Amino acid sequence: VNQLARKILSFSRDTLLVNLRFLDAAIHQLKLEQLDKVDTLATDGQHLLYAPWYILNTYKQQKESISRNYLHVIFHCLFQHLFVNKLVHQDCWDLACDIAVENAINDLDVNSLANSRQSAQAKVIDKLKKSLKLMTAEKIYRYYLDQNLSDEDLESIRQNFYTDNHALWYAPPK
């Protein structure tokens, strides 16, 4: 199972490289590491942590999602979302980061990164773009903090943007 999951991740990485050659260094920066404790993908900034069954099931349902999710994690690293003050409202920060990354991926308009969630994402993103000039995680975070949304509301919005587990961002350094 792990060997097949690694092949799928390698194929997804190659797909990204074909379409986004300028990200070569960033894409090769993260080392693949199996971690059964995560239910999706995660990163600590050095590793792309994955659960093999998640990779296989996601690939079976929609193969483009693996490449998109891989890029999602890479963008978190490039945008430095992992370096977060531990005092932030975590649910709001996670949502803001995921929206910023998904918006950037959507703006690339690469066919091999299309997925079924984009139409639901577009509704949220279009509403944000009416209020924000820049779609950075910091601006989105401030916008949602000012809205004073409940944790349930934040979670509801995040459903169409959730790709990776951010728990490692808040873990104390080893």
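**Figure 1. An open sheet of four strands.** In this predicted model, four strands form an open sheet in the order S1-S3-S2-S4, with mixed pairing. Strands here are DSSP runs of type E with at least two residues, helices are runs of H or I with at least four residues, and both are numbered from the N terminus. Two strands count as paired if DSSP finds at least two bridges between them. The edge strands are S1 (31-34) and S4 (164-165), each of which pairs on one side only. S1 and S3 run parallel and are joined by four bridges. Which residue of S3 is the bridge partner of Glu33? The partner is Leu49. As background, strands of a sheet pair through backbone hydrogen bonds, either parallel or antiparallel.

A note for all the views: residues are numbered from 1 along each chain as its sequence is written, and side-chain values use heavy atoms, with hydrogens and water left out. Because this is a predicted model, local features need pLDDT of at least 70 and side-chain atom pairs count only at pLDDT 80 or more, while totals for chains, interfaces and linings use all residues.

**Figure 2. The largest pocket.** About 700 Å³ of space lies in the largest pocket. Of the 23 residues that line the largest pocket, the closest to its centre are Thr43, Asp44, Gly45, Leu168 and Trp169. H9 provides the largest share, three residues. By class, the lining has 13 nonpolar, five polar and five charged residues. For these classes, Ala, Val, Leu, Ile, Met, Phe, Trp, Tyr, Cys and Pro count as nonpolar, Asp, Glu, Lys and Arg as charged, and the others, Gly among them, as polar. A pocket is an open set of points on a 1 Å grid over the protein atoms alone, where a 1.4 Å probe fits and there is protein on both sides within 12 Å along at least five of seven lines; lining residues have an atom within 4 Å of a point. Grid points are joined across faces, edges and corners, and a volume is the space filled by probe spheres set on the points.

**Figure 3. The second largest pocket.** This view turns to a pocket holding about 280 Å³ of space. Of the 13 residues that line the second largest pocket, Tyr54, Thr58, Asn69, Arg117 and Tyr162 are the closest to its centre. Helix H3 (52-61) and helix H4 (64-78) are the elements that give two or more residues to the lining. The largest share, three residues, comes from H3. How do the lining residues of the second largest pocket divide by class? They divide into two nonpolar, nine polar and two charged.

**Figure 4. A network of salt bridges around Glu102.** Arg68, Glu102 and Arg117 are linked in a network of salt bridges. A salt bridge is a side-chain nitrogen of Lys or Arg within 4 Å of a carboxyl oxygen of Asp or Glu. The side chains of Glu102 and Arg68 meet at 2.8 Å, N to O. This pair links distant parts of the chain, with Glu102 in helix H5 (residues 90-108) and Arg68 in helix H4, 34 residues apart. Glu102 also forms a salt bridge with Arg117, the closest N and O atoms being 4.0 Å apart. Arg117 sits in the loop between H5 and helix H6 (118-131), 15 residues from Glu102. Is Arg68 buried or exposed? Arg68 counts as buried because its relative accessibility is 1%. Glu102 is buried too, at 0%, and Arg117 is likewise buried. Here buried means under 20% relative accessible area, exposed over 50%, and partly exposed in between (1.4 Å probe, protein chains only).

**Figure 5. The salt bridge between Asp98 and Arg158.** The side chains of Asp98 and Arg158 meet in a salt bridge at 2.7 Å, N to O. Asp98 lies in helix H5 and Arg158 in helix H8 (residues 151-158), so the pair ties together parts that are 60 residues apart in sequence. Asp98 counts as buried at 0% relative accessibility, and Arg158 is buried with a relative accessible area of 10%. A search of the whole structure finds five salt bridges.

**Figure 6. Two residues with positive phi.** Gln80 is not a glycine, yet has a positive phi of about 60°. Gln80 is placed in the loop between H4 and H5 and is exposed, with a relative accessible area of 52%. Asp109, also not a glycine, has a positive phi of about 55°. Asp109 lies in the loop between H5 and H6 and is exposed, with a relative accessible area of 65%.
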